[in-house]
Structure formats: C-alpha cells, structure tokens
Amino acid sequence: MGGIDASRWKPRRTKGTVIYKTRNQFAWAVIAAGTVFFATFYSVVSYIGGDDLKQRLRRDFFEKTEEEVDRKNLMRFSLIAPKRGDTIRKLLEEEKEDQARK
C-alpha cells in the first residue's frame, strides 16, 4: 500500500496564492474607482451648481440648527433610553415656558 499523494491537496490558507493577490488587486481597484468617481462627481456638481449649491451643502452638512444641537444634547446627557420626538418637543416647550416665566 502506497502513501497519500499530498502534492494535489488544496492549500489550507489563501495567503500567498493567486486568488489572494487577485482579490486584493480587485479590492484596491474598486476603492480607487469609487474615490475617483466620488471626487469627479462632486467637483463637477459643485462647479456646475455654483455658489447656491455650495451654500446649501455648507448649510446642510456643516451648520447645525439650534433645535438639532438641543436634541443631541438631550440625547447625549440622558442616562436613560433615548427619548421619542414627541417627548423631546414637549421638554423643549416646557423649557421655553420656564424661560418666559423668568
């Protein structure tokens, strides 16, 4: 009886194989293509959109309204589960009433 021929076995790990290198090259290509597409699209859109689009993007992404800041602070400093929108509105109204009384 002869021994087992181990030369035809599949590798136990993918590292160092052709598929490993191909998979990594494909992943890097997808990341690079996505980055190029994102940069091209947004640079063209901001160029075509002009100042109005730039102001809207700046307002939507960078500037936070007072209500949003208050809501985030309520959720951040609360030790219990996050409150529902109705509860937050009610608390804000009560706070405004308290300030009006003072």
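Colleague: Why is phenylalanine 37 called exposed?

Modeller: Its relative accessible area is 59%. With a 1.4 Å probe and protein chains only, buried means under 20%, exposed over 50%, and partly exposed in between. The value of 59% is over 50%, so phenylalanine 37 counts as exposed.

Colleague: Where do such values come from?

Modeller: This is a predicted model, in which local features need pLDDT of at least 70 and side-chain atom pairs count only at pLDDT 80 or more, while totals for chains, interfaces and linings use all residues. Residues are numbered from 1 along each chain as its sequence is written, and side-chain values use heavy atoms, with hydrogens and water left out.

Colleague: How far apart are phenylalanine 37 and phenylalanine 41 along helix H1?

Modeller: They are four residues apart in helix H1 (residues 18-61), and therefore separated by about one helical turn. Helices (H or I, at least four residues) and strands (E, at least two) are DSSP runs, numbered from the N terminus. Phenylalanine 41 has a relative accessible area of 41%, which means that this residue is partly exposed.

Colleague: How do you know that glutamate 68 and lysine 72 form a salt bridge?

Modeller: A salt bridge is a side-chain nitrogen of Lys or Arg within 4 Å of a carboxyl oxygen of Asp or Glu. The closest N and O atoms of glutamate 68 and lysine 72 are 3.6 Å apart, so the pair passes. Both residues lie in helix H2, four residues apart, about one turn of the helix. Glutamate 68, at 26%, counts as partly exposed, and so does lysine 72, at 32%.

Colleague: How many salt bridges does this rule give?

Modeller: The count comes to three. One of them joins arginine 89 and aspartate 86, at 2.8 Å from N to O. These two are three residues apart in helix H3, so about one helical turn separates them. Arginine 101 is exposed because its relative accessible area is 65%, whereas aspartate 98, at 38%, is partly exposed.

Colleague: Why is leucine 92 called buried?

Modeller: Its relative accessibility is 19%, so leucine 92 falls under the cut-off and counts as buried. The residue is found in helix H3. Its C-alpha atom is 9.7 Å from that of leucine 74, which is 18 residues away along the chain.

Colleague: What makes the pocket a pocket, rather than a cavity?

Modeller: The difference is whether the set of points is open. On a 1 Å grid over the protein atoms alone, a cavity is a set of points where a 1.4 Å probe fits but cannot get out, and a pocket is an open set with protein on both sides within 12 Å along at least five of seven lines; lining residues have an atom within 4 Å of a point. The largest pocket has a volume of about 320 Å³, where a volume is the space filled by probe spheres set on the points, and grid points are joined across faces, edges and corners. Of its 13 lining residues, the closest to the centre are Glu67, Asp70, Ile88, Leu92 and Lys96. Helix H2 (66-76) and helix H3 (85-101) are the elements that give two or more residues to this lining. H3 gives the most, with eight.

Colleague: How does the lining of the largest pocket divide by residue type?

Modeller: Two of the residues are nonpolar, two polar and nine charged. In this scheme Ala, Val, Leu, Ile, Met, Phe, Trp, Tyr, Cys and Pro count as nonpolar, Asp, Glu, Lys and Arg as charged, and the others, Gly among them, as polar.

Colleague: Why is phenylalanine 77 called exposed?

Modeller: Phenylalanine 77 has a relative accessibility of 61%, so this residue counts as exposed. Its place is in the loop between H2 and H3.
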